[in-house]
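Work through the exercises below with the model open. Try each task before reading its solution.

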Amino acid sequence: MQENVTQDPEERQREASSSGGAAVPSIREGPVQTQALEARGQKAAGERHAIFGLEKVGVAYGGVPAVREVDFPIYQHQITALIGPSGCGKSTLIRCLNRMNDLIPAAKVTGKVNYHGEDLYGSDIDPVQVRKRIGMVFQKPNPFPKSIYDNIAFGPRVLGQKGDMDEIVESALRRGALWDEVKDRLKTNAFGMSGGQQQRLCIARALATDPDVILMDEPCSALDPISTGRIEDLMLELRENYSIVIVTHNMQQAARVSNMTAFFTVELDQDEKHRTGRVVEYDDTEKVFTNPGDERTEAYVTGKVG
Amino acid sequence: MSVAEAGVTRKAVERTTRGQQVRELGFRAALLFSLSFGFLALAVLLIDVLLDGASLISYDFLAKFPSQIFPERSGISSSLQGTLYLMVLTAVFIVPVGLATAVYLEEYADRERWWNQLVEVNIQNLAAVPSIVYGILGLTFIVRGALDLGAVLLAGALTLGLLVLPVVIVVSREAIRAVPSSIREGSMALGATQWQTIWKQTLPGALPGIATGVILALSRAIGETAPLILVGAIAFVPFNPDPNPAEGQYSAIPITILSSVSNPDRDVQALASGAIIVLLAILLVMNAGAVYLRNRYEQKW
C-alpha cells in the first residue's frame, strides 16, 4: 500500500506502538477468525469499565415505538457492535447515545441513558455538550463542501479549541489513517476524495474534537471491501484510546472487529400493528457468534434468516 | 399490422409507419410554434425599441436631467439614479429580513403548529397579491399612517421590498432546504450548536441559491411601476435623489417611461424608448449575473 511506503520510519513506529502492536489482531492475516476472537476474548475478560448504562431505553417516533426495553452496559475501550435485521431499531438506538435523535422533533426517548453515571437526558444536560464528548460517523460519508483542512478544523474551531490548528489537523488526519494520502492536498475540496477517503475524513473529523466515544452508524455500508478493510483496521487502532459503538449489517464485520455484540430483532406488538425492535442477546462477540444463547440469534448469525 | 395478425412469422424489426413519422413531426412543430410566441414577442419589442431609441443612447442621455423645454436634450439621470438607489435600499431591506424569515421557517419552526402553517400559507398568498395593492399598503402605512415617511425614496424602497419579500423568502427557503440534512447532522455531531451549524454550514451552502433569488427579486422590483406611482415617485425630477433617502423627491425609470409615452409631444415620447433600453440593459446584466452565480457557485451535493 502506497501510504505505508511513503511513511517515515519514526511515524510507523509510533503508530505501531499506539495500536498496541501484536495485541491487536489484523483482520486479513491467515486463517485467523477464531484466533482473533480468542485474543479479544482474553482482553475483554480483563477489567471492564462500563461507560454507558442503558436502562429500559425506548424510542418512539410520533408515539409509535421503534425500539424498546434496551438494557445493557457499553464498555470503555471496546468495540460494541449492534447487529440485527432492518427495522430493528439499532440505528435509532445509537442515535440516542449522543442525543442526535433530538434533531427529529417527533422522536421521544424513554428510560435512562447513563453516561459515566450521568443521565444524558437529564434536564440540565445540554445536548451540544454531550456531542462534544461523543462523536458520530454516519452511514454515508458526509464531508462538508470545504477543503480537507477546513473539514477537520471545523469542529475544533466551533468548540473554540486552543492550539496550533495545523497541528490539530495533522494529528487528526494521522489518527484517521489519512495523512499520507492527503498531506499534499489539504486545501483541495473534500468532495474530490474517494468514498473510502471521505469516510476516513469523517472519522478524522470526529477525532479532531477529541471525543471519548465514537458512534458509527453503518460506516462501511457505502464502501467497497478494500475501503471497508481500512476502516476496520482503523477502528481496531482507535480502540486503544476511544470507545466505539458500531451499527452494522455486515455480520462478518461485527465478528472481525467487535468485542461485544448486541443482537436486535423485530417483533410485532400485541395489537399486531407496529413492529418494534428489542435486544435478544448481548454478550461477548465470540459467544454470540459461536455459541449464542438464543435460537433467534443463532438463526441470524448463521445466515438461516435475515 | 399487429403481431397477432402477422401470425407466427414476425419481422425482426418493425418499420416505422408513415403515420407515426407525421405524428412525431407534428408534435415537434406544435412545440416550436408555442415557443415562437415568446420569442417573437421579445424580438418585436427589442427591435421596435431599438429602432426608436438606439439613437438616443449616449453619455448625455444617462447624465442629463429631463427638460420640458428641450425634450431632445433631455436625459434620465435623475430616474436612473433613483432606480439604482431604490434597488440598493430594497436589497438592504429584503436580504436580512427575507433570510431571517427563511431560516426561521426552515430550521426552527415546528411545522405541526397551526400558526407556522398559517404563516406559510400567507407567504404563498402574498407572492400572488397584485403590486398595486402593495402600493396602496405603502401609501397607507409607510407614506402616511404609521410610519408617516412622506413621499420619499425610503418609502418607495420599503414598499418595493414588501412586494418582493415573499419571493425572496420562498427562494431562500428552497435554497436552505437543498442543503442536505447530512451536513447539518455532521456539524451537530461535532458539537456545533444549531446557530453555528446554520451560520457556518447551512447558509454558506445555500448562499448561491439565495443570491440568485435576491437578484431576480430585485430585477422584478426595479421594473415595478404601479406601487411607485401610489407612493409618490414623481415623473419630472430635474435633480438627483438626495443622499438621505428619507428626504426629497425622487423618480425611477419605469415612471419616466410611463410619463413619456403618455405625453402628446412626439419628441418626449421618443424618450420612453431610450429609457426602456436602459432599463432592459440593467435587467439583462442582473439576470446574467444571477445565471453566472448559479452556474459558478452552485453546490452539487
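## Exercise 1: Chain A overall

Of the 306 residues of chain A, 45% count as buried. A residue is buried if 20 or more other C-beta atoms lie within 10 Å of its own, exposed if 12 or fewer, and partly exposed in between, with C-beta atoms placed from the backbone. This is a predicted model: local features need pLDDT of at least 70, side-chain atom pairs count only at pLDDT 80 or more, and totals for chains, interfaces and linings use all residues. Residues are numbered from 1 along each chain as its sequence is written, while chains are lettered from A and ligands numbered from 1 in the order in which they are written.

**Task.** State how many helices and strands there are in chain A.

**Solution.** 
- Chain A has 13 helices and eleven strands. Helices (H or I, at least four residues) and strands (E, at least two) are DSSP runs, numbered from the N terminus.
- Next, take contacts in chain A between residues at least 6 apart in sequence: 72% join residues at least 24 apart. Two residues are in contact if their C-beta atoms, placed from the backbone, lie within 7 Å.

## Exercise 2: A helix pair in chain A

**Task.** Describe how H7(A) and H9(A) cross.

**Solution.** 
- Two packed helices are described by the angle between their axes and the distance between the axes.
- The axes of H7 (residues 165-175) and H9 (residues 195-208) of chain A come within 8 Å and cross at roughly 130°. That makes H7(A) oblique to H9(A).
- Axes are lines fitted to C-alpha atoms, for helices over the stretch in contact, and angles run from 0 to 180 degrees between N-to-C directions. Angles under 35 degrees count as roughly parallel, over 145 as roughly antiparallel, 65 to 115 as roughly perpendicular and the rest as oblique.
- The crossing of H7(A) and H9(A) is right-handed. A crossing is left-handed if the near helix is turned anticlockwise from the far one by less than a right angle, and right-handed if clockwise.
- From H7(A), Ile168(A), Ala172(A), Leu173(A) and Arg175(A) meet Ala204(A), Leu207(A) and Ala208(A) in H9(A).
- By class, the residues of this contact are six nonpolar, no polar and one charged. Ala, Val, Leu, Ile, Met, Phe, Trp, Tyr, Cys and Pro count as nonpolar, Asp, Glu, Lys and Arg as charged, and the others, Gly among them, as polar.

## Exercise 3: Chain B and its helix H8

**Task.** Is chain B compact or spread out?

**Solution.** 
- The secondary structure of chain B comes to twelve helices and zero strands.
- The radius of gyration of chain B is 26 Å, well over the 19 Å that the globule rule gives for 301 residues, so chain B is more spread out than a compact globule. The radius is taken over C-alpha atoms; the rule is 2.2 Å times the number of residues to the power 0.38.
- The C-alpha trace of chain B spans about 90 × 60 × 35 Å along its principal axes.
- Of the 301 residues of chain B, 35% count as buried.

**Task.** Which residues of H8(B) are buried, and what do they pack against?

**Solution.** 
- Arg184(B), Gly186(B), Ser187(B), Met188(B) and Ala189(B) are buried in H8(B).
- They pack against H5 and E7 of chain A together with H9 of chain B.
- Helix H8 (residues 181-189) and helix H9 (residues 194-223) of chain B pack at an angle of about 160°, their axes 10 Å apart. That makes H8(B) roughly antiparallel to H9(B).
- Gly191(B) follows H8(B), with a positive phi near 95°.
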